[in-house]
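Q: I have a structure open and would like to go through it with you. Can we start with the whole chain and then look at details?

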Amino acid sequence: MATALSLRDVDRLLSESSSDMRTALADKVAASLTRQSLSPAEIELALDIVRILARDVEENVRASVSRGLRDSEHLPRDVAQKLADDVDVVALPLLTNSLILKEDDLVRLVRDGSTRKQEAIASRPNLTESVSDSLITHAGEPAVAVLMGNRTARIAEETLHRAIARFASSDRIKQAMVLRPSLPITVSECLVTLVSEELQQHLVKAHALSPEIASDIVLRSREQSIMHLSMGSSEEELAQMTAQMYDNGRLTPTLMLRALCTGDIAFFEAAMAIKGNVPVANAQILIHEPSRRGLAALYRQAMMPENLFDVVRAAVDVVGETGFDGNARDVERFRVRVISRILTVTSSVSASDADYLISKLGDIVGRAAVP
């Protein structure tokens, strides 16, 4: 255990030829500066020793100072800057932890530092937008990937767009961006076309997207499972998906309506179960009960918009009347029937929803015409 510093320690430091002894003294100084009961004279003495040790010819001595004082509020800024400019083994502890280094210090170090220094800075808690901008402008893929994985780093919307442009071919960075706690809608929609289907699903579940893009992703991912929910684990996966979307505020009436109107009744059932706080089996019974009183009751419990009920009821009616016929392109034909019926209830369908459904109808008919 380190004892109090004394003038004898200074004399030893000036005359000591052993780097091991100087390293031990560096540890002693660091321990002393972490105590809360130092007198002003003791702090001044300790800092005199720190300044000498920070210029030591041996890396291990300077590294000991950096490690020991990385959390110290007493470390002088000029010494912190000197150590941060040092070789990696000396600089990294301070770059990762020290609050003595200021924003302009970090921006300069990102611009001029090594890859490992950039990564250390990228991992710091609560990075400012300026430091993040500097990393995305000057650092390589490893550091930018660390930055994107840093949940406390603040990154401006414009900077995120520049990251996408600069690292469009980096799956590592795009994945880290998608997994960030929040993204501006413009960034999410830019990433949609650049990432895998799995990451697209995460964007739908966790980030803001336009209803059109979210609907298209959900419907495309569900294309192959609409008719086969009883044959595998799709019901469980769908329940998990809708639950996560609900928790993140992404299970919107617009998305639910569009899924229903394009034939994905299973998605609508799972979504109504989550929003109405009932088991999926109960939701299915209520939705398809012939009088539609059950649907109306669940609809109210799920707090869905009153003005959309007629549209939802019409879609459910078509589902009950037709379903799939088991022949080639039956999904397309089913969707055409549903959308065509819904478009007759134009007084209840918003202009944007109508435009979307007309667009989907055109796509379906176009695909069916291709031999």
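Q: Among contacts in the protein between residues at least 6 apart in sequence, what share join residues at least 24 apart?
A: The share is 61%. Keep in mind that this is a predicted model.

Q: How many helices and strands are there?
A: The protein has 23 helices and zero strands.

Q: And what percentage of the residues is buried?
A: Of the 371 residues in the protein, 47% are buried.

Q: Where is Asp-86?
A: Asp-86 sits in the loop between helix H5 (77-84) and helix H6 (88-97).

Q: Is Asp-86 buried or exposed?
A: Asp-86 is buried, because its relative accessible area is 16% and the cut-off for buried is under 20%.

Q: Which residues does Asp-86 touch, leaving out those up to four places away in sequence?
A: Asp-86 touches Arg-62, Ala-91 and Lys-117.

Q: What about Asp-85, where is that?
A: Asp-85 is also in the loop between H5 and H6. At 43% relative accessibility, Asp-85 counts as partly exposed.

Q: Which residues is Asp-85 in contact with, apart from neighbours within four places in sequence?
A: Asp-85 is in contact with Arg-108, Leu-109 and Lys-117. Lys-117 is touched by Asp-86 as well.

Q: How far apart are the C-alpha atoms of Asp-85 and Lys-117?
A: They are separated by 9.5 Å, while the two residues are 32 residues apart along the chain.

Q: Where does Gly-113 lie?
A: Gly-113 is in the loop between helix H7 (103-112) and helix H8 (115-122). Its relative accessibility is 23%, so Gly-113 counts as partly exposed.

Q: New topic, helix packing. What describes two packed helices?
A: The angle between their axes and the distance between the axes.

Q: What are those values for H11 and H13?
A: Helix H11 (residues 157-166) and helix H13 (residues 185-192) pack at about 10°, and their axes are 9 Å apart. The two helices are therefore roughly parallel.

Q: Which residues make the contact?
A: H11 supplies Glu-157, Leu-160, His-161 and Ile-164, and H13 supplies Thr-186, Val-187, Cys-190 and Leu-191. By class, that contact has five nonpolar, two polar and one charged residues.

Q: At what angle do H18 and H19 cross?
A: The axes of H18 and H19 cross at roughly 110° and come within 8 Å. That angle makes H18 roughly perpendicular to H19. The crossing is right-handed.

Q: Which residues of H18 and H19 make the contact?
A: From H18 they are Ile-265, Phe-268, Glu-269, Ala-270, Met-272 and Ala-273, and from H19 they are Val-280, Ala-283, Gln-284, Ile-287 and His-288. The classes come to eight nonpolar, two polar and one charged.

Q: What is found in the loop between those two helices?
A: Asn-277 is found there, between helix H18 (265-276) and helix H19 (280-288). The phi of Asn-277 is near 60°, a positive value in a residue other than glycine.

Q: What is the phi of Arg-292?
A: Arg-292 has a positive phi of about 65° and is not a glycine either. Arg-292 lies in the loop between H19 and helix H20 (293-301).

Q: Are Asn-277 and Arg-292 buried or exposed?
A: Asn-277 counts as exposed at 69% relative accessibility, whereas Arg-292 counts as buried at 8%.

Q: Last topic: how many aromatic pairs are there?
A: The count is one aromatic pair. The ring centres of Tyr-299 and Phe-309 are 5.1 Å apart and the planes are at 75°, so the pair is edge-to-face.

Q: Where do Tyr-299 and Phe-309 lie?
A: Tyr-299 lies in helix H20 and Phe-309 in helix H21 (residues 309-321), so the pair ties together parts that are ten residues apart in sequence. Both Tyr-299 and Phe-309 are buried.

Key
Residues are numbered from 1 along each chain as its sequence is written. This is a predicted model: local features need pLDDT of at least 70, side-chain atom pairs count only at pLDDT 80 or more; totals for chains, interfaces and linings use all residues. Side-chain values use heavy atoms; hydrogens and water are left out. Helices (H or I, at least four residues) and strands (E, at least two) are DSSP runs, numbered from the N terminus. Buried means under 20% relative accessible area, exposed over 50%, partly exposed in between (1.4 Å probe, protein chains only). Rings of Phe, Tyr and Trp (its six-membered ring) pair if their centres lie within 6.5 Å; planes under 30 degrees apart count as stacked, over 60 as edge-to-face and the rest as tilted. Contact means heavy atoms within 4.5 Å. Axes are lines fitted to C-alpha atoms, for helices over the stretch in contact, and angles run from 0 to 180 degrees between N-to-C directions. Angles under 35 degrees count as roughly parallel, over 145 as roughly antiparallel, 65 to 115 as roughly perpendicular and the rest as oblique. A crossing is left-handed if the near helix is turned anticlockwise from the far one by less than a right angle, and right-handed if clockwise. Ala, Val, Leu, Ile, Met, Phe, Trp, Tyr, Cys and Pro count as nonpolar, Asp, Glu, Lys and Arg as charged, and the others, Gly among them, as polar.
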